[in-house]
Amino acid sequence: MRNTLLFLKNKSATYNSDTKFYRWSLMNPIQARKDELLACQVIEAEIPKTYYNVNSTNNVFSYRASINNNGQTVLHTFDLTLTIRNYSAVDLATQINNISNSTHAGINCTFDNQTGKITIILSALSANTTIDGATFTGINTCDRLIGFVTTTSKTQSGLSGLILEGDRIVDLNLTNNVYIETDLLLESRNTRGEKSGILAKVQMDGAFLSLVHYQTAHNIPIELGNKDTYLDHIDLRFVDDNDVSVDFNGDNDFSITLLFNYIKRDKLLLGEDVITEQYKPFIDTINTGDSCDEYSDNEI
């Protein structure tokens, strides 16, 4: 079987900020013969773990309190937009603690490293004031990060404080995997069973600022579409577990090795003559009309 190794370095690519694809133009195109199809796989890659666990998709904290002050209901929202960067659980609790208090209520946040959960505490700050309930608002996006589900809320009556513990442990990993994706038509499927251009899934198990090394453990090339037999460029991008493009924050020092295999087309797919000696007697019978002896021309 013929094959071609393609070694890609980021410095040779052109980045499209709209599509988020990196493009490599190939001086010597990868071209299958008439009787061949192309198959491809990622056999090796180095990817920097320089993306932040807080970005524009999960940096909004918005928690609304229902406050009873002298028999009147007052709504106050504790809002925070986190600066995009890397955070620990303690950092997150500190940021929430720094939200300014309202006239009638204050907010406090703690992280328990034994349970891995964050607890939010609302306290009444004035006499004849109680905290009747609280809920996350529709603009809140950091629920997974701090260990709450979007619909988490709590109601009570006549108490001067409200305690809300996380539904689950904090999740400080923006993504567990980075997917290397092409714009070519592949016989691969995403988590919804849809056809996708995913070539490989890389487990990002390194520490922040480290370089993750990937090598495939399986020789399983993915067949390209019938029309993708001539490639004068390669487009690749990196997406996270939520299908969002990964931002490496300026550190794009990555490399990828692709293996292209040339596989023989099925003859039926080519539309070629597939009649062999073993089938000729059947073809001859059909051609002489013997299979229709029970009918005369008039009957037909």
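Please keep in mind that the model is predicted. Its largest nonpolar core has 38 residues, and another core, apart from that one, has 30. D241, for its part, sits in the loop between β18 and β19.

**The largest core**
- Within this core of 38 residues, those with the most contacts are V42, I180, I234, F238, I256 and L258.
- Two or more residues each come from β1 (3-9), β3 (22-31), β4 (36-48), β12 (177-182), β15 (198-203), β16 (211-215), β18 (230-239) and β19 (255-264).
- β4 gives the largest share, with five residues.

**A look at L258**
- Neighbours within four places in sequence aside, L258 touches T4, L5, L6 and L8, along with C40, Q41 and V42.
- L199 and I234 are also in contact with L258.

**The other core**

**Around D241**
- D241 belongs to the loop that lies between β18 and β19.
- Is D241 buried or partly exposed? D241 is partly exposed, because its relative accessible area is 29%, which is not under the 20% that buried requires and not over the 50% that exposed requires.
- Although D241 and N177 are 64 residues apart in sequence, their C-alpha atoms are 6.2 Å apart in space.
- With neighbours within four places in sequence left out, D241 is in contact with T175, N176, N177 and Y179.
- For N176, the side chain of D241 reaches the backbone nitrogen at 2.8 Å.

Terms used: Residues numbered from 1 in each chain as written. Predicted model: local features only at pLDDT ≥ 70, side-chain atom pairs only at ≥ 80, totals over all residues. Heavy atoms only, no water. Core = buried A, V, L, I, M, F, W, Y, C linked by side-chain atoms within 4.5 Å. Buried < 20%, exposed > 50% of the residue type's maximum accessible area, 1.4 Å probe, protein only. Helix = DSSP H or I, 4+ residues; strand = E, 2+ residues; numbered from the N terminus. Contact = heavy atoms within 4.5 Å. Polar contact = N/O pair within 3.5 Å; in protein donor to acceptor, adjacent residues only side chain to side chain.
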